[in-house]
Amino acid sequence: MNPDPADRLDHRELNRDLAIFATDPLAGSGLPLWLPDGAVIFGELERLAADLAKADGCVPVKTPVLGKRALFERSGHWAKFAEDMFPPMSMGAGPAGSEGSAGSAGSAGESGDELVLRPANCPHHALVYKARQHSYRELPIRLHELAPMFRAERSGVLSGLSRVRQINLDDTHVFCRPDQVADEAGKALVSALRAQEILGLRVDYVRLSLRDDSPSYLGSAEQWDGAEVALQKAASAAGVATVEAPGEAAFYGPKLDLQVIDSAGREETIATVQIDFNQPERFDLSYDAADGSRRRVVMVHRGTVGSMERVTAAVLERYQGRLPLWLAPTQVAVLPVSPAQDQAARGLVDALLAEGLRPRLDPDGSLGARIRESRRRREPLIAVIGSAEADAGEVQVRDVAAGVEGRILVADLVAAMKGAYVSRAAGVAW
Ligand SMILES: [Zn+2]
């Protein structure tokens, strides 16, 4: 890695060598296409998000990317975000009798509706919670989904993976009792910090985003104060210092934001924990309390890994394209020196594939050219098999990022790589 920040490449420059994503004017700006190697990274990030969510007791749900305009009017997004949303799609009134009579009673009244691409996943998750009644004893309920949401960014601001119109977000909504809020916020904060640690991404500070005097915030002063206290408790329980930022809250509640500052001094929020008393009111979300009464549930929005687009751009830039083994599209280039070692090379490739690892066999051309090609692709490991190595059941392996090189038994290489992959280690333990 080059220590001089001026020589560091941004993710769009790295993408020229790495083929992670493509953009095409015909597809539309801000709508990147994930190429095969990009899809591997996306898949690994998705798996990380699912593992972290599962470890915290979140359950997966799947909800649609579009919904009736009325859904987002109910949530408040329409009033606050309409100009950042794509224009509604009118479903039209249709010819008389066509829609109303063909459908069940449930579809009556659908004609003339408008559908919008969702600007957030929360309203759908509120409806998932509401799909059945809940008792105080089954809370908290944590719903996880890694799903797209949409933002009608102007074409002038769109750039690579960092500003896009479809955002694939790792998103969880917790529905809990008021007495569980601080614990849930703390759990979410710890998980978000853990995700960034696994990814090797720096968090510069944790921001406690509060409201200011503006009248645009929803909810009572009492709710805001209670939520602020809960977030402060959560942060101190996690041993995290916060910086207060009035005016940075979401319109429905205060939040903890994981902040990073890039080399150009631009600040960005990479994950958040938000307390929300407002959506539960708007969607009438409740639970049956111990005394038989119905009580209002509290919603905690938790972002852990972040958006697939932003995280991919961030890790590419952080590692200058040479990703840790668990995240790298190709984990090792396997290079037989001559055709006599093809069988040994294929044996190694098969052993790696059997363990769920991602080797790339490159048999043709001069050894020097193949090593240069592997370095251009920023592959973490290069394994060369000559006649001496093949005879001994070994490979000559080079760990490019660690600057380690040596001969190792095939079985030991497979085990070391598997260990790094399964533990999502920053480096291979040789
Ligand atoms: Zn949300």
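Predicted model: local features only at pLDDT ≥ 70, side-chain atom pairs only at ≥ 80, totals over all residues.

Visitor: Why is Arg424 called partly exposed?
Guide: Arg424 has 17 other C-beta atoms within 10 Å. A residue needs 20 or more to be buried and 12 or fewer to be exposed, so Arg424 falls in between and is partly exposed.

Visitor: What makes Ala19 count as partly exposed?
Guide: Its C-beta neighbours inside 10 Å number 13. Exposed would require 12 or fewer and buried 20 or more, so Ala19 counts as partly exposed.

Visitor: And Leu367, why is that residue partly exposed?
Guide: Leu367 has 14 other C-beta atoms within 10 Å. That value lies between the cut-offs of 12 and 20, so Leu367 is partly exposed. Leu367 belongs to helix α12 (residues 367–376).

Visitor: Which residues does Leu367 touch, leaving out those up to four places away in sequence?
Guide: Leu367 touches Leu335, Val337 and Val384. The C-alpha atoms of Leu367 and Leu335 are separated by 7.5 Å, although the two are 32 residues apart along the chain.

Visitor: Why is α11 called roughly parallel to α14?
Guide: Helix α11 (residues 342–354) and helix α14 (residues 410–423) pack at an angle of about 30°, with axes 10 Å apart. Angles under 35 degrees count as roughly parallel, so α11 is roughly parallel to α14. The crossing is right-handed.

Visitor: Which residues meet where α11 and α14 pack?
Guide: Leu348, Ala351 and Leu352 in α11 meet Val410, Val414 and Met417 in α14. By class, that contact has six nonpolar, no polar and no charged residues.

Visitor: How does the contact of α7 with α8 divide by class?
Guide: The contact of α7 with α8 has nine nonpolar, one polar and one charged residues. Among those that meet are Val181 and Leu189 in α7, and Leu231 and Lys233 in α8.

Visitor: Which residues of helix α6 are buried?
Guide: In α6 (residues 122–130), the buried residues are Cys122, Pro123, His124, His125, Ala126 and Tyr129. Their packing partners include α3 (69–75), β7 (141–150) and β15 (298–307).

Visitor: Where is Pro140, and what kind of peptide bond joins Leu139 to Pro140?
Guide: Pro140 is in the loop between α6 and β7. The peptide bond between Leu139 and Pro140 is cis, with omega about 0°.

Visitor: How is the protein divided into domains?
Guide: The domain assignment gives domain 1 (5–63 + 121–318) and domain 2 (332–423). Their centres, taken over C-alpha atoms, are separated by 39 Å. Of the protein's 430 residues, 39% count as buried.

Technical notes: Residues numbered from 1 in each chain as written. Helix = DSSP H or I, 4+ residues; strand = E, 2+ residues; numbered from the N terminus. Contact = placed C-beta atoms within 7 Å. Nonpolar A, V, L, I, M, F, W, Y, C, P; charged D, E, K, R; others polar. Domains from an automatic or database assignment. Axes fitted to C-alpha atoms, helices over the stretch in contact; angles between N-to-C directions. Parallel < 35°, antiparallel > 145°, perpendicular 65-115°, else oblique. Left-handed = near helix turned anticlockwise from the far one by under 90°.
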